[in-house]
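Biologist: I'd like to learn how to read a few features off a model. Could you walk me through one?

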Amino acid sequence: MSYNQQPSYNDRPAYGAGYNQNPYANAEPNSYELSEDPTSLLNRCRDINEGIRELKGKREGQLAAIQLAYLDSNTERDDQTIRQQLEYVEDEITRAFTKLKDDLKRIKATPGSNATHVQTQLDVTGRNLRTEIENYHKSQSDFKKRLTEQVRRRYQIANPEATPEEVEQGVENVLAGTEQSFQVTGARVKGANETRSAVQERSAMIRRLEQELKKVLELVLEVQEAIQQQEPAVENIVRDAGNVHQDLENANTQLTGAISSARKARRWKWYALIIVIIIIAIIVGVAVGVTAK
């Protein structure tokens, strides 16, 4: 069945169109004035994680299927149709990643987000987002490699007399967009022209992927920067908790020493009292004996 017979993805609304609607949706990351309670902030982190899971499903399912269809396409018409679908989904995913990244930064900038459990969840959420963006970058990079290999094979079909060096140079020129046509003659003209069209189509897609990969890398760096800003805060919390624990241990040690000292002091008081009683008894006994004489 042709890919064109499959349901189109163009009618699907862009991911994130109604995602996590809130009064801060269009606000700048540092524009908050009122703090939010920890539960609300944790719910917003949960929404981001849910968005990450949806994007993972889109990458592993919808995007992978369209990439495979593009690699398997054999006609110029299918190439163009599938490319449109592919570009649509790629743009959709990139926009969603950008929104999730901005949402994460907004939560971090909200007064009240410095609560220990919120800080911890922000750190986990940031790492989840970075991991999924990196996975998307890897899938796009792998797709680019497979397209490049297709260009090489099809260039060889169109130029069967070319030496390996000429093939490599020709592929390089095609990918750079400096070679727009192949010189073909004879009965092979029709087949070679179809191959030429496929090669040019894929070379254009590869150049687009290169730009897409740059954007994705920028997103990875931005999320990483946000995580690095988060990590010192988390480390401070852990360190402060350790200091409190140490202070408690020191206080317990001092208290134990004080109790021990107090017990020793009480024992010495009893010893002194007994000695005094014995001395008094001796004195009284001596006095009584003297009087009796």
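This is a predicted model: local features need pLDDT of at least 70, side-chain atom pairs count only at pLDDT 80 or more; totals for chains, interfaces and linings use all residues.

Biologist: Fine. So is Glu222 buried, exposed or partly exposed?

Modeller: Glu222 has a relative accessible area of 32%, so Glu222 is partly exposed.

Biologist: And what does the side chain of Glu222 meet in a salt bridge?

Modeller: The general idea is that side chains of opposite charge can pair when their charged atoms come close. Here, Glu222 pairs with Lys101, at 2.7 Å from N to O. Lys101 has a relative accessibility of 8%, so Lys101 counts as buried.

Biologist: Where do the two partners, Glu222 and Lys101, sit in the chain?

Modeller: Glu222 belongs to helix 5 (residues 189–292) and Lys101 to helix 2, so this pair links distant parts of the chain, 121 residues apart.

Biologist: How many salt bridges does the structure hold?

Modeller: There are 21 salt bridges. Take Arg127 and Asp123, whose closest N and O atoms are 3.2 Å apart. Both are in helix 3, four residues apart, which is about one turn of the helix. Arg127 is partly exposed, at 30% relative accessibility, while Asp123 is buried, at 13%.

Biologist: Which residue forms a salt bridge with Arg152?

Modeller: Glu168 does, with the closest N and O atoms 2.9 Å apart. Because Arg152 is in helix 3 and Glu168 in helix 4 (residues 164–176), the pair ties together parts 16 residues apart in sequence. Glu168 is partly exposed, with 40% relative accessibility. There is also a network to look at: Arg83, Glu87, Glu90, Asp91, Glu201 and Arg208 are joined by salt bridges that share partners.

Biologist: Let's turn to helix packing. At what angle do helix 2 and helix 3 pack?

Modeller: In general, two packed helices are described by the angle between their axes and the distance between the axes. In this model, helix 2 (residues 76–108) and helix 3 (residues 116–158) pack at about 160°, and their axes are 11 Å apart. Angles over 145 degrees count as roughly antiparallel, so helix 2 is roughly antiparallel to helix 3. The crossing of helix 2 past helix 3 is left-handed.

Biologist: Which residues make that contact?

Modeller: On helix 2, they include Leu86, Glu90, Ile93, Phe97, Lys101 and Leu104. On helix 3, among them are Leu122, Gly126, Leu129, Glu132, Tyr136, Gln140 and Phe143. By type, the residues of this contact divide into 11 nonpolar, four polar and four charged.

Methods:
Residues are numbered from 1 along each chain as its sequence is written. Side-chain values use heavy atoms; hydrogens and water are left out. Axes are lines fitted to C-alpha atoms, for helices over the stretch in contact, and angles run from 0 to 180 degrees between N-to-C directions. Helices (H or I, at least four residues) and strands (E, at least two) are DSSP runs, numbered from the N terminus. Angles under 35 degrees count as roughly parallel, over 145 as roughly antiparallel, 65 to 115 as roughly perpendicular and the rest as oblique. A crossing is left-handed if the near helix is turned anticlockwise from the far one by less than a right angle, and right-handed if clockwise. Contact means heavy atoms within 4.5 Å. Ala, Val, Leu, Ile, Met, Phe, Trp, Tyr, Cys and Pro count as nonpolar, Asp, Glu, Lys and Arg as charged, and the others, Gly among them, as polar. A salt bridge is a side-chain nitrogen of Lys or Arg within 4 Å of a carboxyl oxygen of Asp or Glu. Buried means under 20% relative accessible area, exposed over 50%, partly exposed in between (1.4 Å probe, protein chains only).
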